[in-house]
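Colleague: This model is new to me. Please take me through it, one question at a time.

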Amino acid sequence: MKTAVPCYYHLDVEVSPERVGQVSRILAAHLRYWDLDNLVAPVCRGAELLLRAIDQHATDKHTSIEMWWNGQHLITAVGEDDRDLRPDQDLRPCLADIAAMSDGWGCCASDTGSTIIWFSQRARAGRHAPLVPTAPAPSLRQVLQVPRELPVAALAAPAPAADDALEGSR
């Protein structure tokens, strides 16, 4: 079962071909530490795609990688400082792959002018966790019977007066 404790990790790196594998191993180690082993492959693959594309197209290789775990979703964001890099043109094949393998993704600009590309992965439930909540068990020890022996007309008739009820019981 996944922990609901929020987690955050930040890494600044100068992108180069040899650093892509190192960053992937670092991210995998943090995901395993957070007990998110099933997210290692898609997150590392997405980060590698983005880092290789940034290494190929960007002139400024300084990149920041952040991961947030909120108990249900892991969001991975890669921010690069190159103002000349156009994600809609330069990174189009990379973004298509990320869209295909993630639950959600997006691209935005920060206040400093850098471009942030993020993608999210939903943590899948483990084998032992029920996918549908079970219905609560009844808490009453005795079942209350609904008075169905009397016809509906008798149920709708006015109740006898208190004096008549006392006389009938004698």
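Colleague: How many salt bridges does the count come to?

Modeller: The rule asks for a side-chain nitrogen of Lys or Arg within 4 Å of a carboxyl oxygen of Asp or Glu. By that rule, the count of salt bridges comes to 1.

Colleague: Which residues do the totals for chains, interfaces and linings use?

Modeller: Residues are numbered from 1 along each chain as its sequence is written, and side-chain values use heavy atoms, with hydrogens and water left out. This is a predicted model, where local features need pLDDT of at least 70 and side-chain atom pairs count only at pLDDT 80 or more, but totals for chains, interfaces and linings use all residues.

Colleague: Which side chains meet in the salt bridge?

Modeller: Side chains of opposite charge can pair when their charged atoms come close. Asp55 is partly exposed at 21% relative accessible area, a class between buried (under 20%) and exposed (over 50%), taken with a 1.4 Å probe on protein chains only. Lys61 is also partly exposed, at 23%. With 3.6 Å from N to O, the salt bridge is between the side chains of Asp55 and Lys61.

Colleague: What pattern does the chain follow along the sequence?

Modeller: Helices (H or I, at least four residues) and strands (E, at least two) are DSSP runs, numbered from the N terminus. The chain has 5 helices and 5 strands. Read along the sequence, the pattern is β-α-α-β-β-α-β-β-α-α.

Colleague: What share of the contacts in the chain with a separation of 6 or more comes from residues 24 or more positions apart?

Modeller: A contact means heavy atoms within 4.5 Å. Of the contacts with a separation of 6 or more, the share from residues 24 or more positions apart is 62%.

Colleague: How do helix 1 and helix 2 run, roughly parallel or roughly antiparallel?

Modeller: Two packed helices are described by the angle between their axes and the distance between the axes. Axes are lines fitted to C-alpha atoms, for helices over the stretch in contact, and angles run from 0 to 180 degrees between N-to-C directions. Helix 1 and helix 2 pack at about 155°, with axes 9 Å apart. Under 35 degrees counts as roughly parallel, over 145 as roughly antiparallel, 65 to 115 as roughly perpendicular and the rest as oblique, so helix 1 and helix 2 are roughly antiparallel.

Colleague: Which residues does Ser24 touch, not counting those up to four places away in sequence?

Modeller: Ser24 is in helix 1 and counts as buried, at 11% relative accessibility. Where helix 1 meets helix 2, Ser24 is among the residues on the helix 1 side, as are Val20 and Leu27. Leaving out residues up to four places away in sequence, Ser24 touches Cys44 and Glu48.

Colleague: Near what value is phi of Asp35?

Modeller: Asp35 lies in the loop between helix 1 and helix 2, and is partly exposed at 36%. Most residues other than glycine have a negative phi, and most peptide bonds are trans. Asp35, a residue other than glycine, has a positive phi, near 65°.

Colleague: Which residues does Cys94 touch, not counting those up to four places away in sequence?

Modeller: Cys94 is in helix 3 and is buried, at 7% relative accessibility. Helix 2 and helix 3 pack at about 170°, with axes 10 Å apart, which makes helix 2 roughly antiparallel to helix 3. Apart from residues up to four places away in sequence, Cys94 touches Leu49, Leu50 and Ala53.

Colleague: What distance separates the C-alpha atoms of Ala77 and Ile65?

Modeller: Ala77 sits in strand 3 and is buried, with a relative accessible area of 7%. Ile65 is one of the residues Ala77 touches, and Trp118 is another. Ala77 and Ile65 are 12 residues apart along the chain, and their C-alpha atoms are separated by 5.7 Å.
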